[in-house]
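Here's a short walk through one protein model, from salt bridges to a pocket. Have the viewer open as you read.

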Amino acid sequence: MPTSHRIRIVDAFTDRPFAGNPAGVLLLDAFPEDAWLQNVAAEVNHAETAFAHPLPADAEADWALRWFTPATEVDLCGHATLATAHVLQVTGTADGPVRFATRSGVLTTTARADGTITMDFPTAPLTPAKIPDGAAQALGAEPLAVFDAGASLGDLLVELADEKTVRSLTPDHKALAEFSERGIIATAPAEDPTRGYDFVSRCFFPNVGIDEDPVTGSAHTALAPFWSQRLGRAELTGLQASARSGLVRTELRGDRTLLTGRAVTVIEGELYA
């Protein structure tokens, strides 16, 4: 009989099923071999699957956490971290702040009574960059400015003219893969901030097997400093305008960025592998 593992699918950065960004979550006793983790992520076939196991009491963190796309392991993932913190909270496995040991250092999440979860992530450094030749054609819109979001993300942040332009993008994903290590964050100011968000974005990550990510927490570690400087406020709300859509509240605190959202479990079952 194959080993059984409890698996959950959690929609992150949303308060309702079938929106936000789905992630697989498995709580384990220890990490199996990498090939097994990658095979599970490919089977789940969501943008990321998170694997976590508890650490000893004297460790620097409470849980070890890793994230895999269907194609590869990644260094940082916001929505799957949020999904993992949600599972720990709703199952009563952890209460209050949880420290995760990850490839990007120790990340802390804090669950609150109102159902929101706040994640403490490193702020991505933004460096102005030259608009790459062919980028406008691949993206399907003319960039106003381009910024390198640093090695921790491996993205280019591309500012576009307006919200309508971001929403109407139909990029050439294969061509986009030439311009950055992970992908492209396309963004613009909100057309009407009274609708509850300050900026919009869409994220295309063909180099890690994700043509378009529904809601990307890690991208908001670059979007937060970019828009906080432009809009003159430390606390903002971003709308990722994918087909599923989701809201990310951001608070810039120097070299750290707080990301806040909600999550909901939509599937729970047994993995026999």
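Let's settle burial first: a residue is buried under 20% relative accessible area, exposed over 50%, and partly exposed in between, using a 1.4 Å probe and protein chains only. This is a predicted model, so local features need pLDDT of at least 70 and side-chain atom pairs count only at pLDDT 80 or more, while totals for chains, interfaces and linings use all residues. Residues are numbered from 1 along each chain as its sequence is written, and side-chain values use heavy atoms, with hydrogens and water left out.

**Salt bridges**

Side chains of opposite charge can pair when their charged atoms come close. Here a salt bridge means a side-chain nitrogen of Lys or Arg within 4 Å of a carboxyl oxygen of Asp or Glu. A search of the whole structure turns up 18 of them.

Helices (H or I, at least four residues) and strands (E, at least two) are DSSP runs, numbered from the N terminus. Arg-66 counts as buried because its relative accessibility is 17%, whereas Asp-34, at 44%, is partly exposed. Follow the links on and you get a salt-bridge network of Asp-34, Arg-66, Glu-73, Asp-75 and Arg-103.

**His-79**

What does His-79 touch? Leaving out residues up to four places away in sequence, the contacts (heavy atoms within 4.5 Å) are Ala-12, Phe-13, Asn-21, Pro-22, Ala-23, Ala-47, Glu-48, Val-215 and Gly-217. His-79 sits in helix H2 (residues 78-90) and is buried, with a relative accessible area of 1%. Its side chain makes a polar contact of 3.2 Å with the side chain of Asn-21. A polar contact is a pair of N or O atoms within 3.5 Å; within protein, one must be able to donate a hydrogen and the other to accept it, and residues adjacent in sequence count only if both atoms are side-chain atoms. A polar atom of the His-79 side chain also lies 3.3 Å from the backbone oxygen of Pro-22.

**Positive phi**

Phe-18 isn't a glycine, yet its phi is positive, near 70°. Phe-18 is in the loop between strand E1 (4-12) and strand E2 (21-27), and is exposed at 68% relative accessibility. Asn-45 has a positive phi as well, about 65°. Asn-45 belongs to the loop between helix H1 (34-44) and strand E3 (48-54) and is exposed at 54%.

**The largest pocket**

A pocket is an open set of points on a 1 Å grid over the protein atoms alone, where a 1.4 Å probe fits, with protein on both sides within 12 Å along at least five of seven lines; lining residues have an atom within 4 Å of a point. The largest pocket holds about 270 Å³ of space. Its lining has 17 residues, and the closest to the centre are Phe-13, Thr-14, Asp-15, Gly-246 and Leu-247. Strands E15 (235-240), E16 (246-253) and E17 (256-261) each give two or more residues to the lining, and E16 has the largest share, with 3 residues.

Note on methods. Points joined across faces, edges and corners; volume = space filled by probe spheres on them.
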